[in-house]
Amino acid sequence: MFDFHIHLARLPHQKQLTQLFCNGNYGFIAVACEPWEWKIVADLKKEFSTEQKPFKASYGIHPMIATQADDEMFAKLRSALEEDEIAMVGEAGIDKRYPGYDDGTQDQIFITQAKLALELQRDLQIHCVGDYQRVLKLLAEAGFPQETSQGQDAKGLQTLTRLQESPRPIFHRFGGDSSVVKKALPYGALFSLHEDSFQKKSTAKAIPLIPQERVFFETDADETFLQNNHPRHQSSLDGNDREYGECKGDSGTGSGMTSESAAGTTTPEEILTELENTLESVRAAYAECRE
Ligand SMILES: [Zn+2]
């Protein structure tokens with residue numbers, strides 16, 4: 001099992017959980033989207049990464065804190081990335097719910113990170129809520145390379161050759177429609193699917209257009225994971241065509257807190273089981289939507 005996007009630093013029992021992952025069969029990319037998270041993830045990496053199982057991390061500035069980003073934060077981000085040669089950049093992106101969306105601040109913070117990904121030759125984990133066209137435009141502006149088309153396949157999509165390597169954009173918790181898929185594929189884009197990706201009809205329709213080798217699954221588990229998953233699927237069975245999924249706290253300023261009440265009653269083993277169940281249900285939803 002591989003979790004393409006998990007916020008280890010936001011979950012309770014981080015160390016024991018990481019230990020369980022590393023001892024067992026749960027691969028992951030630990031995404032850290034603000035400075036206090038970078039530190040925890042880098043420390044976990046130091047403790048648990050081995051040659052056989054290198055710890056994969058991603059460091060970035062989430063759009064929820066775009067208006068707080070300054071030169072100092074970028075300098076720290078760069079050094080976190082330089083210290084970890086296999087780390088990705090992100091999550092970085094655009095989110096219309098957060099400050100800095102209207103005045104272009106989020107655009108600047110995203111472009112700077114996209115350029116950093118290009119410079120360091122790293123993949124870029126992209127967070128996008130409400131404005132995929134803008135993200136695609138910004139990727140072009142940042143200079144992300146695009147394939148030239150090699151013809152068309154049976155579904156009318158361009159068939160492409162290279163871009164098997166970094167830097168590639170990764171659309172995390174993908175929620176775009178088929179026009180986004182078609183425009184993103186020439187960038188060598190990867191798509192990380194979440195339970196929420198199947199809630200929106202236009203996204204569920206677009207997912208089968210993505211070549212299977214570019215599809216990954218994620219939990220995006222963070223401090224809300226345990227509340228949302230006990231009992232499981234409470235929110236996803238209501239049949240609503242939800243536009244928004246991810247929300248990391250209302251204030252947009254991470255305080256390093258994890259859900260203490262859930263942490264007190266849930267063991268690391270139970271969290272692992274919940275994560276495995278969640279990934280399994282994403283995989284099943286993917287299989288179903290391709291039928
Ligand atoms: Zn995330």
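**Group meeting: a parallel sheet and its helix pairs**

Hi everyone. The protein chain averages a pLDDT of 87, and 82% of the residues score at least 70.

As you'll have gathered, this is a predicted model: local features need pLDDT of at least 70, side-chain atom pairs count only at pLDDT 80 or more, and totals for chains, interfaces and linings use all residues. Residues are numbered from 1 along each chain as its sequence is written.

Now the sheet. Eight strands form an open, parallel sheet in the order β1-β2-β3-β4-β5-β6-β7-β8. β1 (2-6) and β8 (215-217) are at the edges with a single partner strand each, so one side of each has no neighbour in the sheet. Neighbouring strands are turned by 25° against each other on average, direction ignored. Strands (E, at least two residues) and helices (H or I, at least four) are DSSP runs, numbered from the N terminus, and strands pair if DSSP finds at least two bridges between them.

Zooming in, β2 (residues 27-32) pairs with β3 (residues 56-59) in the parallel sense over four bridges, and Ala-32 stands opposite Tyr-59 in β3. Across β2 and β3 lies helix α2 (residues 35-48), running at about 145° to β2. Axes are lines fitted to C-alpha atoms, for helices over the stretch in contact, with angles from 0 to 180 degrees between N-to-C directions.

On to the helix pairs. α1 (residues 14-23) packs on α2 at an angle of about 45°, with the axes 11 Å apart. Gln-14, Thr-18, Gln-19 and Cys-22 in α1 meet Ile-40, Leu-44 and Phe-48 in α2.

What about α4 and α5? The axes of α4 (residues 105-120) and α5 (residues 132-142) come within 9 Å and cross at roughly 50°. From α4 the contact takes in Asp-107, Phe-110, Ile-111, Ala-114, Lys-115 and Leu-118, and from α5 Leu-138, Leu-139, Glu-141 and Ala-142.

Methods
Contact = placed C-beta atoms within 7 Å. pLDDT = per-residue confidence, 0-100.
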